[in-house]
Amino acid sequence: MSRAIVLAAGKGTRMKSAQPKVLHELCGRPMIWHVLEALRSAGVTEIVVVASPELEPALAAFGVRMVVQEPQRGTGHAVQVALAALEPHEGTVVIAYGDMPLVDHTIFEDVAAAIDFDAGTALGMVTAKMPLPSSFGRVVRDRGSVRRIVELRDCTAAEREIDEMNAGIYAFDERALRSVIGKLTDANAQGELYLTDTIALLVDASYRVVPVAAQDYRLVLGVNDRAELAAARAVLNARLCEAHMLDGVTIVDPATTYLEPGLEIGADTVIAPNTAIGGRTTIGAGVRIGPNTRIRDARIGDRCRITDSIVLNSALAEDVTIGPFAHLRDGNVIGATTHIGNFVELKKTTTSPGVKASHLAYLGDATIGENTNIGAGTITCNYDGERKNETTIGRDAFIGSNSSLVAPIRIGDGAATGAGTVVIRDVPDGDRVVGNPARSIEKKGATPA
Ligand code: UD1
Ligand code: CA
């Protein structure tokens with residue numbers, strides 16, 4: 001199985017969106033990403049996406065080949081356009097829709113395995129029993145064999161009652177597909193060229209069509225509107241949670257734990273409710289996260305505790321405690337056993353082991369030495385209106401409550417600042433500064449810091 005066509009050019013009118021349907025996200029990735037990922041893990045090496053012109057720029061980032069379909073005259077027309085752009089090859093071509101993000105690689109492997117060139121099998125197609133009502137195309141059988149697919153809008157009353165659906169995942173013998181694809185007509189309720197009409201055409205031409213039953217209809221749910229998007233997200237999220245739980249992670253409430261594909265989470269980590277973890281994130285073992293926590297693009301060491309907080313693009317060593325109500329917003333490197341407490345915001349800050357900033361502080365562009373204590377209300381005044389300036393604080397220092405550290409500045413090892421001090425000059429090792437130095441007027445005329 002080496003070649004696949006993914007149809008994604010449709011207008012997605014039912015989404016009522018300015019954005020192309022297949023770019024709507026679930027679990028942190030565009031809908032179509034999930035389909036492409038499943039195809040790649042099934043071993044497909046050549047993927048062609050049929051795209052609308054609006055979709056083209058966004059898809060460039062996915063590293064797949066695109067063929068533009070304009071105007072969009074139906075799924076059969078989309079395949080005509082794709083085949084015209086592809087060098088004919090002898091073998092199987094898998095066709096899938098870009099709006100079915102719940103598929104996994106096994107479904108593509110199973111449908112491709114149904115093709116048997118010697119037995120004259122031209123098509124393996126996934127079917128699924130589904131509760132009615134359903135908007136899926138119905139599988140019409142004749143003496144047990146698949147005869148044709150009828151779209152809901154073209155169904156007779158009796159056909160509407162059929163509960164075997166066309167999932168929209170096919171493996172065609174490419175040669176047989178090419179022999180019938182030109183014969184589609186738009187004589188149907190939507191005036192479109194339906195890919196599904198190739199089934200009757202292949203049967204007419206005495207090819208074998210093999211239905212492959214989906215193990216679970218939830219694998220093939222399509223997303224056509226935002227209610228279906230939410231439903232699909234819930235299914236996908238439950239699946240991601242389950243995989244981590246089976247790997248030894250406790251998730252107290254999967255329904256309010258929001259995960260993305262590709263996360264690494266160590267054993268005996270506990271995730272409390274209302275927590276979202278995404279991006280390129282790695283979490284160690286024995287970590288406690290949540291409730292009410294958001295983590296993205298982070299590395300979290302073993303045994304950290306993060307409650308009611310936001311951690312973005314940051315690396316935490318082991319045994320760090322964060323929160324409640326802390327905000328690590330970008331580029332922080334946090335040393336082991338550091339404690340970042342209530343209402344503390346960190347940006348591009350590096351702490352050595354044992355640092356404590358327990359309450360109400362802003363630490364930006366700062367480097368803080370081992371075992372230093374940052375008092376409540378400490379602010380690194382890192383921005384002078386033009387530039388971000390750095391604050392360096394040595395080890396075993398004591399920054400008194402409400403200190404304003406006017407950067408660039410260095411506070412030495414073992415140095416201390418008194419409560420309420422506006423520190424405008426470097427403090428040598430072991431020294432202490434107190435009060436609000438009158439000399440701050442030296443800054444007169446300069447940009448206020
Ligand atoms: C389609 C199937 C239906 C099946 C269902 C499964 C057809 C005619 N019907 O119906 O039998 O049960 O999927 O989910 O195939 N697209 C294009 N170009 C177009 C039109 C559509 O690329 O001109 C793309 C869309 O972006 C979408 C996919 O094809 O990703 C399916 O189109 P959609 O309109 O959603 O088809 P359904 O009505 O869901
Ligand atoms: Ca659809």
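Is D99 buried or exposed? D99 counts as buried, with a relative accessibility of 15% (buried means under 20% relative accessible area, exposed over 50%, partly exposed in between, with a 1.4 Å probe and protein chains only). This is a predicted model, in which local features need pLDDT of at least 70 and side-chain atom pairs count only at pLDDT 80 or more, while totals for chains, interfaces and linings use all residues. Residues are numbered from 1 along each chain as its sequence is written, ligands are numbered from 1 in the order in which they are written, and side-chain values use heavy atoms, with hydrogens and water left out.

- Helices (H or I, at least four residues) and strands (E, at least two) are DSSP runs, numbered from the N terminus.
- N224 also counts as buried, at 11% relative accessibility.

**Helix packing**

- In helix α3 (residues 75-85), the buried residues are G76, H77, A78, V79, V81, A82 and L83.
- These buried residues pack against β1 (3-7), β4 (46-51), β5 (65-68), β6 and α6 (174-181); contact means heavy atoms within 4.5 Å.
- Helix α7 (residues 197-204) packs with α6 at an angle of about 105 degrees, and their axes are 10 Å apart.
- The contact involves A176, L177, V180 and I181 of α6 together with T198, L201 and L202 of α7.

**Open sheet**

- An open sheet of 9 strands runs in the order β14-β17-β20-β23-β26-β28-β30-β33-β36, with parallel pairing; two strands pair if DSSP finds at least two bridges between them.
- β14 (264-265) and β36 (409-411) stand at the edges with a single partner strand each, so one side of each is left without a neighbour in the sheet.
- Strands β17 (residues 282-283) and β20 (residues 299-300) pair in the parallel sense over 2 bridges, and R299 in β20 is the bridge partner of T282.

**Surroundings of T257**

- T257 is found in strand β13 (residues 257-259) and counts as buried at 0% relative accessibility.
- Leaving aside neighbours within four places in sequence, T257 is in contact with N237, C241, I251, I271, A272 and T275.

Conventions: Axes are lines fitted to C-alpha atoms, for helices over the stretch in contact, and angles run from 0 to 180 degrees between N-to-C directions.
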